[in-house]
Amino acid sequence: MAGLDLTGRTAIVTGASRGIGLAVAKAIAAAGGNVVLTSRSQESADAAAAEVGGTAIGIAAHAVDEEAARRCVDLTLDRFGSLDILVNNAGTNPSFGPIIDQDHARFAKTFDVNLWAPVLWTGLVTRAWMGEHGGAVVNTASIGGMAFEANIGLYNASKAALIHVTKQLALELSPKVRVNAVAPGVVRTKLAEALWKEHEQAVSASTALGRIGEPEDIASAVAFLVSDAASWITGETMVIDGGQLLGDALPFRQGAQLGV
């Protein structure tokens, strides 16, 4: 599809040293785009960029470090001459348990990385380039932001807020900048290991499409959303979860097998 061609465009992908971020960087590069991958350390950023290959470069920038973020935006413009795509992928979940049992440090870190960082980076790229020239932003949310689960309520609350902020930014930055989000389900990443590693078979069996997600599943959706093929889409959150939000698929499969 011609609309998926990203040749000549430049993207920053935060939190791109592994998992979904790295897969997104690869997908954008495969579509012809230039990619800047950020990570907390220069070593991991460089390693990820080398894995992507081509024109990709890595820059050390902790997502909530405003000075580092500003430097990354400036370096991107100096190197490539444009900044057309931003993927706010960096995320964290330092908390576990009921919300009322979390201390302020965990609360602040969760919301700083998962909510403030996307606002920070979106503001920087808009003022530096997109506000005048246009562009596309995609935020990595979660189906947790649309549901309620034991023990990860604080994380889910931060993602629910990100979904709301995505819509707000889509209006505030229109018509020049499109802002969308993706909401992954359980994906094979380090951040989500607690949700699948010890019981992948059970999670897969209860999922409508019969497996947990792979980072590439999310990357394909992001590449679409930042492309011209999605030029009339803004303020949306695309759920990519294999049907997990639909509920437990096992009773339906069992019924089919019994001829019910």
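This is a short tour of a predicted model, from the whole chain down to single residues.

**Ground rules.** Residues are numbered from 1 along each chain as its sequence is written, and side-chain values use heavy atoms, with hydrogens and water left out. Local features need pLDDT of at least 70 and side-chain atom pairs count only at pLDDT 80 or more, while totals for chains, interfaces and linings use all residues.

**Select the whole chain.** Color by secondary structure. You get nine helices and seven strands. Helices (H or I, at least four residues) and strands (E, at least two) are DSSP runs, numbered from the N terminus. The C-alpha atoms fill a box of roughly 60 × 45 × 35 Å. The radius of gyration is 18 Å, which agrees with the value near 18 Å for a compact globule of 260 residues. That radius is taken over C-alpha atoms, and the globule rule is 2.2 Å times the number of residues to the power 0.38.

**Color by burial.** Buried residues are 51% of the 260. Buried means under 20% relative accessible area, exposed over 50%, partly exposed in between (1.4 Å probe, protein chains only).

Contact means heavy atoms within 4.5 Å.

**Zoom to β6, residues 177–184**. Pick V179. Its contacts, leaving out residues up to four places away in sequence, include L169, A170 and L173. Now pick N180. Is N180 buried or exposed? N180 is buried, because its relative accessible area is 1%.

**Follow L225 to helix α8, residues 215–225**. P215, I218, A219, A221, V222, A223 and L225 are buried here. Which elements cover them? The cover includes α1 (19–30), β4 (85–88), β5 (135–140), β6 and β7 (237–240).
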